[in-house]
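Dear colleague,

I am passing on a structure that you have not worked with before, and below it you will find what I found when I went through it. Please read the notes with the structure open beside them.

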Amino acid sequence: ILSSEPVQRYRDHTADVIDLSWSHTNFLLTASVDKSVRLYHFSKSNCLHLFKHANLVASVDFHPLDDRYFISGGLDKKLRLWNITDGRVKDWAQAPEVITSTRFTPDGKYAVAGLLRGQVYLYEADGLKYYTQIACRNRSGKNRKGKKVTGISFLREVDDKSERSEEHHPSLTERLSETGRSVANLVATKVLGNPEALSTRRTDRMLVSTNDSRVRLYGLNDFCMIRKYKGHTNNSMQIRARVSESGSHIACGSESGHCFIWDVDPNKNRLKKNMINKQIQSTKDKSKSTDYFEASKASLPIVTDTLFFPTMTVRESLLTSKEMFPLSLGMDRIDDDFSSAAILTLDYDGTIRVFVRKTCIDNILEACTPRGGTMA
C-alpha cells in the first residue's frame, strides 16, 4: 500500500510545514510557518514557485475544479485567492480573527475559513464576498466562547443520475410538480444566486474539527449542526478529522496516541470490533459512540493526522498480493467497503503507520481462496 522510500524529498521551507494540498493534476501546495506557500509537482525535484505572505500561513487549498487557483489563510487574518499563472493575489478578504483552516466547498463556489474562536466563515469564491458564518462551539460550559478550528472537510453524496445506484430514491425537487419545480428554481436563482444551488447544496455536508475535542457535522442546505462526534482529545494540536472516500466513516487522531473512528450515520451498523489488526476498544455512550485503537508508542504519543486510503489503492494492493492471497479468485464476490479498509496515521515523532481492517482481509479470504469455497 505504501512504498518504503519517498518519491521526492523537498527541503526548501525554513520552518515547519503546517498544511498541504494536492490538486487533481498532482501538483502540491505547502503552507509554512516561514511565511510562504510553495508549489511542487511530484515529478520535479525543485520548487516550481514561491508565494510570499506577510505572516505565518496556517492553511492552503487548491480550487477543486480549476487548479490555477488556490486560497491561503493565516496569522494576518487575510483570506487570499491566488492566481498561480500570474503568481499574484486575485482577491482577498479580511476575516475578524486569525485564520486557522481554509477549504473550498466541493463545487468550488465557496471559500471557507475556520477561525481562532470557532467561527467558520463562508465567502463566495468569485470575489471573496462574505456569504454567511457558523459558530462551532457549545452553548454552555468552559468552551462556550469557542476554540480554534483545526480542520474542515466535506462529505458529498452522488447527485448525478448516471452515477446513482439502481435503487434510486428521488429527491425532493424530483417529486415536485412542474409548477413546484419552477418555483424552486426561481427561489434558487433569486435567493441563492444559482439555479443549481438547491440540488447541489442539499447533498453537501461540512465536517469541522475544533480544539474543544469535538468534530461537528453541518448541513450546507441550512448550516445547522447535524451531529457531534467526540471521544478523542484535541486541546491544542492542529488535528483534523478525515472522511472515507465513500463518506461512511470519519477518522481522527488524538493527543492520547489513539486513532478514533466514527460512523457518519451512527444509526447504521458500526464497524465491527477488532476491525483493525490491532486491539480495538469501543465506547458505548450514545453521545460519543466510537471505535479507537492505539496508533503511537512515542514518548509523546500524539497522533497528528490520519487518512483513509482510496478504494482503488486498497483493492489493488490487497488483491494483487501474492504473499497474502496467492489464489485470488472471485474478486467480484467481495462485499466490503474498501474505502474504510486501510488507515494511514502520523505521530509527533514523524512515524507513519498503516493499519488494515481485519474483517476486510477475512472477507477477501472468504471470497477469493479455497477457504471460501470459490475454487469449485
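Five of the six residues of strand S23 are buried, so S23 is largely enclosed by the rest of the structure. Please keep in mind throughout that this is a predicted model. Strand S23 covers residues 342–347 and pairs with S24 in the antiparallel sense over five bridges, and S22 and S23 are likewise joined in the antiparallel sense, over five bridges. Together these strands make an open sheet of three, in the order S22-S23-S24, whose edge strands are S22 (303–308) and S24 (352–356), each of them pairing on one side only. From one strand to the next, the twist of this sheet averages 20°.

Thr345 in S23 is the bridge partner of Thr306, and in S24 the bridge partner of Thr345 is Arg353, while Leu344 has Val354 in S24 as its bridge partner. Between S23 and S24 the hairpin has four residues, and in this hairpin Gly350 takes a positive phi near 85°.

Helix H4 comprises residues 311–319, and its buried residues are Val314, Leu318 and Leu319. Because these residues cover an arc of only 100° around the axis, they lie on the same side of H4.

Another strand to look at is S13 (residues 149–156), which has seven of its eight residues buried and is therefore largely enclosed by the rest of the structure. Strand S13 is joined by seven bridges to strand S14 (residues 204–210), and the two run antiparallel. Within this pair, Arg156 stands opposite Asp204 in S14.

Which residues of the largest nonpolar core touch the most other members? They are Leu207, Tyr229 and Ile250, in a core of 16 residues. Strand S15 (214–219), strand S18 (249–252) and strand S19 (258–263) each supply at least two residues of this core. Apart from this core lies another, of 15 residues, which includes Ala93, Ile99, Leu115 and Tyr123.

Tyr229 has its place in strand S16 (residues 225–230), and Tyr229 is buried, with a relative accessible area of 3%. If residues up to four places away in sequence are not counted, Tyr229 touches Leu207, Ser213, Arg214, Val215, Leu217, Ile250, Trp262, Asp263 and Val264. Tyr229 and Ile250 are 21 residues apart in sequence, and from C-alpha to C-alpha they are 9.3 Å apart in space. Ile250 for its part touches Leu207, Tyr229, Ala241, Arg242, Phe260, Ile261, Trp262, Val264 and Phe308, again not counting residues up to four places away in sequence.

A further open sheet is made of four strands in the order S9-S10-S11-S12, and its pairing is antiparallel. Strand S9 (99–104) and strand S12 (129–135) stand at its edges with a single partner strand each, so one side of each is left without a neighbour in the sheet. The twist in this sheet averages 20° from one strand to the next. Strand S10 (residues 110–115) and strand S11 (residues 119–124) run antiparallel and are joined by five bridges, and here Ala113 stands opposite Tyr121 in S11.

Finally, a word on the cysteines. How many disulfides does the structure hold? The number is zero. Cys259 is in no disulfide, and the nearest cysteine sulfur, that of Cys252, is 8.0 Å away, whereas a disulfide would need the two sulfur atoms to be within 2.5 Å. Is Cys259 buried or exposed? Cys259 is buried, since its relative accessible area is 0%, and the cut-off for a buried residue is under 20%. Cys224, by contrast, is partly exposed, with a relative accessible area of 43%.

With best regards

Notes
Residues are numbered from 1 along each chain as its sequence is written. This is a predicted model: local features need pLDDT of at least 70, side-chain atom pairs count only at pLDDT 80 or more; totals for chains, interfaces and linings use all residues. Side-chain values use heavy atoms; hydrogens and water are left out. Two strands pair if DSSP finds at least two bridges between them. Axes are lines fitted to C-alpha atoms, for helices over the stretch in contact, and angles run from 0 to 180 degrees between N-to-C directions. A nonpolar core is a set of buried Ala, Val, Leu, Ile, Met, Phe, Trp, Tyr and Cys residues joined through side-chain atoms within 4.5 Å. Buried means under 20% relative accessible area, exposed over 50%, partly exposed in between (1.4 Å probe, protein chains only). Contact means heavy atoms within 4.5 Å. The arc is that of the directions from the helix axis to the C-beta atoms.
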